[in-house]
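Let's take a walk through a protein together. Keep the picture in view as you read, and look for each part when its name comes up.

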Amino acid sequence: MERSDQHDGAPDGENESQDRHDVRSTSTPSKEAKLIPVKGTGLSGPFIRRPVMTVLLTLSVIVAGIVTYNKLAVNDLPAVDYPIIQVTCAYPGADPVTMANNIATPLEKQFLQIPGLDIITSSSTQSNTQLTLQFVLSKSITDAATDVQAAIQRATGKLPIDLPSPPTFSKTNPNDQAVYLVGFMSDTLTDGDLYKYASTVVAQRMAILPGVSQVNIYGVQGAIRIKADPAALASRGLTMDDLANAIKAGTVYSGAGQFDGPHRTFVLQPNGQIDQAEGYRNLIVARNKDRSPVYLRAIGEVKQSVYDERTLRF
């Protein structure tokens with residue numbers, strides 16, 4: 001009885017703290033987690049509401065990119081259409097120094113005045129000069145061609161007066177390469193005949209095919225070559241200029257007019273164009289003091305050959 005009374009008679013402070021502890025533990029409310037639905041709007045709405053679909057779609061795009069990465073086309077030389085124009089001029093008989101001084105230099109001075117010109121290069125060889133003009137990408141090829149034509153016309157007065165034909169230009173692209181090559185060989189035709197056949201028959205038929213932009217012919221053009229004998233010219237008091245003028249006058253091809261009658265009109269068709277070596281051999285280039293004719297065969301060698309004997313094919 002005494003021990004029980006002593007337990008009941010515990011200090012008031014301890015009982016009070018225990019009661020407070022019990023009250024605090026029973027009176028604290030429990031907090032439960034709540035899911036708040038997210039409502040996306042616009043294009044991102046379905047991806048926000050369906051996270052699983054979004055993850056799968058992202059993974060599929062990543063896998064597809066990895067699989068097709070090695071199949072991507074990489075071009076070291078991209079197909080960029082640079083506005084490039086090539087100018088060519090022929091001056092038969094002129095050496096490279098003469099071509100560079102009398103042909104290339106006057107043309108370059110006029111080309112340098114064209115706005116938008118980026119690079120200009122020239123190459124002069126025997127009887128031929130070639131210039132390549134590259135413009136900036138912002139310049140249209142049509143405008144560049146117009147400016148080049150105007151520059152050639154301005155330089156005409158400074159070019160040799162006996163130039164057979166004015167300089168010509170064409171649009172080129174250094175990245176372009178021939179996609180189809182055709183070779184011609186013959187046991188009976190000469191190189192000049194092969195060139196004539198390729199240019200008059202084959203090239204014209206190929207040029208009209210759909211998708212064909214240009215047909216280039218590589219070869220040598222047929223021509224008649226005259227090799228004069230300086231000793232024979234001097235013995236007859238003739239010069240090389242006299243021989244050249246006589247050949248031009250003897251092979252002129254122009255209209256001769258017509259005869260008009262009361263009931264009928266006749267058109268004159270002069271036979272002044274010579275296309276065979278035999279015709280040139282019998283050409284009268286001058287007359288002696290006794291008025292006897294001097295034929296071309298007496299002062300030079302005439303043969304059926306090609307325009308450039310230094311060009312070979314194999």
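First, a heads-up: what you're looking at is a predicted model. The protein chain has 314 residues, and buried ones make up 19% of them. If you count up its secondary structure, you get 10 helices and 10 strands. Now think about which parts of the chain touch each other. Among contacts with a separation of 6 or more, 62% are between residues 24 or more positions apart.

Now for the inside. In soluble globular proteins, nonpolar side chains tend to be buried together. Here, the largest nonpolar core contains 21 residues. Val87, Ile103, Leu107, Phe111, Leu133, Phe135 and Val148 are the ones with the most contacts inside this core. Which parts of the chain each supply at least two residues of the core? They are strand S1 (84-90), helix H5 (96-111), strand S3 (128-135) and helix H6 (141-155). H6 gives the most, with 5 residues.

Pick out Leu133 to see what a spot in there looks like. Leaving aside residues up to four places away in sequence, Leu133 touches Pro83, Ile84, Ile85, Val87, Phe111, Leu117, Ile119, Ile120 and Val148. Apart from this core lies another one, made of 16 residues, including Leu238, Leu243, Ile274 and Ile299.

Time to head for the surface. Val52, Val55, Leu56, Leu59, Ile62 and Ile66 make a nonpolar surface patch of about 590 Å². Take Ile66, which you'll find in helix H4 (residues 51-68). Is Ile66 buried or exposed? Its relative accessibility is 59%, and a residue needs over 50% to be called exposed, so Ile66 counts as exposed.

Our last stop is Asp260, in strand S6 (residues 258-260). What does the side chain of Asp260 make polar contacts with? One partner is the side chain of Gln258, at 3.4 Å. Another is the side chain of Thr265, at 3.5 Å.

Notes
Residues are numbered from 1 along each chain as its sequence is written. This is a predicted model: local features need pLDDT of at least 70, side-chain atom pairs count only at pLDDT 80 or more; totals for chains, interfaces and linings use all residues. Side-chain values use heavy atoms; hydrogens and water are left out. Helices (H or I, at least four residues) and strands (E, at least two) are DSSP runs, numbered from the N terminus. Buried means under 20% relative accessible area, exposed over 50%, partly exposed in between (1.4 Å probe, protein chains only). Contact means heavy atoms within 4.5 Å. A nonpolar core is a set of buried Ala, Val, Leu, Ile, Met, Phe, Trp, Tyr and Cys residues joined through side-chain atoms within 4.5 Å. Patches are made of residues with over 30% relative accessible area and no salt bridge: like charges are joined within 9 Å, nonpolar side chains (Val, Leu, Ile, Met, Phe, Trp, Tyr) within 5 Å. Accessible areas come from the Shrake-Rupley method with a 1.4 Å probe; for residues, only the protein chains shown count as cover. A salt bridge is a side-chain nitrogen of Lys or Arg within 4 Å of a carboxyl oxygen of Asp or Glu. A polar contact is a pair of N or O atoms within 3.5 Å; within protein, one must be able to donate a hydrogen and the other to accept it, and residues adjacent in sequence count only if both atoms are side-chain atoms.
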